[in-house]
Amino acid sequence: MKEEIATLPKVHKLKTWPKYFLDVREGVKTFEVRKNDRDFKVGDFLLLQEFDPFTKSFTGNEVWVKVTYKLDGGGFGLDAEHCVLSIALAPFGELINVTI
């Protein structure tokens with residue numbers, strides 16, 4: 001019998017524009033469409049960092065979310081290089097053992 005090794009969730013730091021950042025923080029936007037270049041997995045955490053594209057600077061606002069579902073590209077009108085991540089605000093208790 002093959003023994004499965006549990007992998008720890010990864011933390012992905014991602015820039016997020018202000019309008020979308022606020023919608024995530026308010027719980028209105030529950031998904032991210034991203035280039036699938038970071039090996040995203042269900043259970044991973046995203047540290048979304050508000051980034052102003054006009055000033056090209058971070059605002060200092062951050063929100064933690066957890067990936068609850070991943071739809072890989074290549075179908076449903078989504079090119080193969082992208083994915084859709086379903087996200088939920090991360091409960092504080094789940095973040096205690098997360099390292100950046």
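The model is a predicted one, in which local features need pLDDT of at least 70, side-chain atom pairs count only at pLDDT 80 or more, and totals for chains, interfaces and linings use all residues. Numbering starts from 1 along each chain as its sequence is written, and side-chain values use heavy atoms, with hydrogens and water left out.

Arg34 lies in strand E2, residues 31-35. Helices (H or I, at least four residues) and strands (E, at least two) are DSSP runs, numbered from the N terminus. Is Arg34 buried or exposed? With a relative accessible area of 16%, Arg34 is buried, since the term covers residues under 20% relative accessible area, with exposed being over 50% and partly exposed in between, for a 1.4 Å probe and protein chains only. The side chain of Arg34 makes a polar contact with the side chain of Glu32 at 2.9 Å. By polar contact I mean a pair of N or O atoms within 3.5 Å; within protein, one must be able to donate a hydrogen and the other to accept it, and residues adjacent in sequence count only if both atoms are side-chain atoms.

Arg34 and Glu81 are 47 residues apart along the chain, and their C-alpha atoms are separated by 8.6 Å. As for the strands, E2 and E5 pair in the antiparallel sense over five bridges, where pairing requires that DSSP find at least two bridges between two strands. Lys35 has His82 as its bridge partner in E5. E5 also pairs with E4, again antiparallel, over seven bridges, and there Tyr69 has Ser86 as its partner in E5.

I turn now to the core. Which residues form the largest nonpolar core? There are twelve: Leu14, Phe21, Val24, Phe40, Leu46, Leu48, Val63, Val65, Val67, Cys83, Leu85 and Ile87. Helix H1 (18-25) and strands E3 (45-52), E4 (57-72) and E5 (82-89) are the elements that give two or more residues to this core. A nonpolar core is a set of buried Ala, Val, Leu, Ile, Met, Phe, Trp, Tyr and Cys residues joined through side-chain atoms within 4.5 Å.

Finally, the chain as a whole has one helix and five strands, in the order β-α-β-β-β-β from the N terminus on. Of its 100 residues, 29% are buried.
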